[in-house]
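Subject: Structure handover

Hello,

Here is the structure we talked about passing on. Please open it next to this note.

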Amino acid sequence: MITFISGGARSGKSSLAERMALDTAKGEKPYYIATAAEDTGEDMAERIALHKRDRGDVWLTIEEAFFIDQTLKNLPDKTVVLIDCLTVWTSSLMFSENLSSNDIVKRLERTLSIARKKECTLYIVSNDVNEGFPIQDKYVANYISCLEDLHKLTVREADTVLEVICGIPVAWKINGVLTKNVSKISSGGPL
């Protein structure tokens, strides 16, 4: 089962994903794949430290900024895994590894395929970053476009899709079925 949870910065999406993963694990230690690198600046270092403190020792934490597909491949079958987050992972691949949007999408496709084959219960967290004025900087615009492609892929593949707004989860897809919250007007293609 794949669950995708998105939301704005500090909306409560990570906390929700953590609670859901822990509930699913039923007392076992779930895996937490943290995609943030340690050396990304003072603000990020503080956020990473806060997340580590909040998680405590109830998780099997793996810090992996680039190869979440290979990391997932090396985990046991039928395990509970939380990936936090696609936003940071995408920026690492795009700006540190110089991967193209196409290569990043392919890596996420592999990750989702591995999760299905291994029958993992996978929770994926990401930020909503495209809800403002159009960005004039071509690098930032390319990053946002790539992240949108990753979100669309994840929404198509996910069994459950939630968006956290001001701490309140809104369900867009449950058990593979779009909810009444989803407009019946399509933007030109299937989800």
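Some ground rules first. This is a predicted model, in which local features need pLDDT of at least 70 and side-chain atom pairs count only at pLDDT 80 or more, while totals for chains, interfaces and linings use all residues. Residues are numbered from 1 along each chain as its sequence is written, and side-chain values use heavy atoms, with hydrogens and water left out.

Strand 4

Start at strand 4, residues 80-84. Helices (H or I, at least four residues) and strands (E, at least two) are DSSP runs, numbered from the N terminus. 5 of the 5 residues of strand 4 are buried, so the strand is largely enclosed by the rest of the structure. Buried means under 20% relative accessible area, exposed means over 50%, and partly exposed lies in between (1.4 Å probe, protein chains only). V80, L82 and D84 point one way from the strand. V81 and I83 point the other way.

Strand 4 has partners. Two strands pair if DSSP finds at least two bridges between them. Strand 2 (residues 31-34) runs parallel to strand 4 and is joined to it by 4 bridges. In that pairing, Y31 has V81 as its bridge partner. Strand 5 (residues 121-127) also runs parallel to strand 4, with 5 bridges. There, I83 stands opposite I124.

The cores

A nonpolar core is a set of buried Ala, Val, Leu, Ile, Met, Phe, Trp, Tyr and Cys residues joined through side-chain atoms within 4.5 Å. The largest one has 31 residues. V81, W89, L122 and L150 have the most contacts inside it. Among the elements that each supply at least two of its residues are strand 4, helix 4 (86-96) and helix 5 (101-117). Helix 6 gives the most, with 7 residues.

L150 is worth a look. Contact means heavy atoms within 4.5 Å. Leaving aside neighbours within four places in sequence, L150 is in contact with W89, T90, I104, V105 and L108. A second, separate core has 17 residues, including I5, A34, A36 and V80.

Toward the end of the numbering

L178 lies in strand 8. L178 counts as partly exposed because its relative accessibility is 37%. Its C-alpha atom is separated from that of T160 by 8.9 Å. S183 sits in the segment after strand 8 (177-178). At 47% relative accessibility, S183 is also partly exposed.

Best wishes
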